[in-house]
Each structure stands twice: as C-alpha cells, then as structure tokens.
Amino acid sequence: MKIVAANSNRPLAEAVAAKLNLPLTRAAIRRFADMEVFVEIHENVRGEDVFVIQSTSYPANDNLMELLITLDALRRGSARRITAVIPYFGYARQDRKSGPRTPISAKLVANLITEAGANRVLTMDLHAGQIQGFFDIPVDNLFAQPLFSRDIQERYAGRNIVIVSPDVGGVLRARAIATRLNCDLAIIDKRRERAGTSEVMNVIGDVDGRDCILVDDIVDSGGTLVNAAAALIAGGASSASVYVTHGVLSGGAVARIAASPIEMLAITDSILATEAVRLANNIRQITIAPLMAEAMRRISEETSVSSLFD
Ligand code: R5P
C-alpha cells in the first residue's frame, strides 16, 4: 500500500499516513512557468496498491488537474490498483441538467477521473448519493455522520436538542443523525409564494425553546445556513449551531457566519482550512483522518467498508 499526496490538503494526507504508519510516497507535483501541472513519482510503484489523496476544492480546476495527472503518472508507472481518495468531490453540485443546454459536470469529472487511471474512488458525503452511479468503477462514499453524532453527544449532553435540515434535500442526512441520537427532527421549507416576492422560510417541527443543530453537506457562501439559523431563532429556538461536512466557505462566508446568529459551526478537514477559518471564533474542525485511514486500510485488505457505519 502506498499513499501519494497531491497539493490540495497535505495536512490531511499526512495525518492519514501517520494513522496508517506509512510514509507519504516521495513525489513532486509542481508547475511549469505557464502553470501547467507536472508530476514525478520518485519511488517505484510497479505492482503497488496506491491511494492518491486530493480534494478537488478551491482552486477546483487546478486541483482536479493535479489529481488527473497524478493518476496518469501512476498508471504509466504500472501501479497494480489506484484509488482516488477525494475527501471533497468538487463539481458534485452540477449533478443534473439544471436547465436547457446546461452540462452535467459531475458526470464529466467522473469520466475524466476514470479515464485518467483510477480503479476505485473513496470519497465522503457526496452531495447526492446517485453520483456514485456516474462512475463505472467502485465508489466508497463515507459519512461524517458518526463523527458528528459523537461530537454532538459530548457537547450537548442533557440539553433539549433538535436536529434540523436546512432544506428538504438534506432530510435523509439530518434524519440519520436524529435517529442515531434518538432526538427530534425539524425541516426548513424554503418557499417563494409568488414570483418576485422574497423567499419565506417555514420551520416544520418544534424548535421553541430548544437548541437547534443544523446539518448539511456543504457550506459555501453560508447563505443557506445563516438564513436557516435566523429562521430558527425567529421561531423561538434557544440557539442554532451547525455541523457541515465540507467547509467550502468561499468569498465572505467566514465573516457572514461570524456576524450571524450561528453559535458554532463545525466542519471537517476534508478541505484545507484557510487562515480566516482557522482564526474564526465560532468555527471548529473535526478531523476525518482516522476514518479515511481506516477505510483505506479496509480497501487495501479487501474487507468491508460499509460495516464502519453499522
Ligand atoms: C445545497 O443543496 C447544499 O446542500 C448546500 O446547502 C449549499 O451548497 C450551501 O450553499 P451556500 O452556503 O452557498 O448557501
């Protein structure tokens, strides 16, 4: 088993390698003067079971290209099996035609990854589970839910909590946590009553006087969660905290969250935290390194990955 780290999230790759007691494979992933990506693997990989760790987060296109070119280098180096470990799978939100003459970019990216040489994919909290079907190679989709459930249990013991999905699309994810914690579920239903009127946020469920915990897969601009938290507080909630797997946090998201009623935002380290995220008082990171490492060990030993979530 060998682990190759591309550049998007080296601290996570190092933490995974440390958990597995393996050194990172020596490799150089660098740029030519015109920013073309060049990859050189400095160790023999012939016949090896190789895992490439790369989130296709910001800058999404550069990080995707690094992944593709690394896969190509490993395939041409005669690796026996190559697993693309993509903790955050960018382009996942483009998973269907959103209008006439629009692309399904998640499918295109899946094709590129397969064509570049991946034999398997390991990822986490795909925006839509069906994206697994965009690949004709095996895909293991891990869930942050057990990590979040444990953290919530530790922090909110004895409090009157309710798990909240910020939109109808996230209900399955939120319900999994509510079921595990044996607590209530609420849902925010966003609705535009008439064209041209502003969106109304209806809270479905009992949040009055309770500590609300919103759960989502991605926080990007922060708009969805900030609006949801405001609707919960307006509905009588005592507090609103958030657990999100992928902290994309683009543009002014960190400042928007700091100025919002969100008491605490917990994200994983699937995406490397920026300086602003690290310094934010109300943002915490929960590491996925042990979970990723264990899944990689199981893939390598060809034992069950799904039983990690039993
Ligand atoms: C939407 O379907 C996703 O699950 C997230 O709710 C969304 O991507 C968050 O985006 P933003 O933070 O920009 O509102």
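How many residues sit between β2 and β3 in their hairpin, and which residue in the turn has a positive phi?

**View 1. The β2-β3 hairpin.** The hairpin leaves 5 residues between the two strands, and methionine 35 in the turn has a positive phi of about 80°. Alanine 27 has isoleucine 41 in β3 as its bridge partner. Strands here are DSSP runs of E with at least two residues, helices are runs of H or I with at least four, and both are numbered from the N terminus. Two strands pair if DSSP finds at least two bridges between them. This is a predicted model, where local features need pLDDT of at least 70, side-chain atom pairs count only at pLDDT 80 or more, and totals for chains, interfaces and linings use all residues. Residues are numbered from 1 along each chain as its sequence is written, and side-chain values use heavy atoms, with hydrogens and water left out.

View 2. Tyrosine 58 and proline 59 are joined by a cis peptide bond, with omega at about -5°. Proline 59 belongs to the loop between β4 (49-53) and α2 (60-76). Asparagine 21 isn't a glycine, yet its phi is positive, about 60°; look for asparagine 21 in the loop between α1 (10-19) and β2 (27-31). For background, most residues other than glycine have a negative phi, and most peptide bonds are trans.

**View 3. The parallel sheet of 5 strands.** This open sheet runs in the order β1-β4-β5-β6-β7, with parallel pairing. At the edges are β1 (2-5) and β7 (139-142), each pairing on one side only. From one strand to the next, the twist averages 20°. β1 and β4 run parallel, joined by 4 bridges, and valine 4 stands opposite valine 52 in β4. Helix α2 packs on the sheet, touching β1, β4 and β5 (81-86), and its direction makes about 165° with that of β5. Contact means heavy atoms within 4.5 Å; axes are lines fitted to C-alpha atoms (for helices, over the stretch in contact), and angles run from 0 to 180 degrees between N-to-C directions.

**View 4. The mixed sheet of 7 strands.** Here the order is β10-β9-β8-β11-β12-β13-β14, in an open sheet with mixed pairing. The edge strands β10 (200-204) and β14 (283-286) each pair on one side only. Strand β13 (residues 262-268) pairs with β14 in the parallel sense over 4 bridges, and threonine 268 stands opposite isoleucine 286 in β14. Helix α5 (residues 171-181) packs on this sheet against β8 (161-165), β9 (184-191) and β11, at about 160° to β8.

View 5. Residues around the ligand include Arg93, His127, Asp167 and Thr224, where being near takes a heavy atom within 4 Å. A polar side-chain atom of aspartate 217 lies 2.6 Å from a ligand oxygen atom, and a backbone N or O atom of glycine 222 lies 2.8 Å from an oxygen atom of the ligand. Taken alone, the ligand exposes 380 Å², and the protein buries 79% of that (Shrake-Rupley method, 1.4 Å probe). The largest share of the shell, 4 residues, comes from β11.

Note on methods. A polar contact is a pair of N or O atoms within 3.5 Å; within protein, one must be able to donate a hydrogen and the other to accept it, and residues adjacent in sequence count only if both atoms are side-chain atoms.
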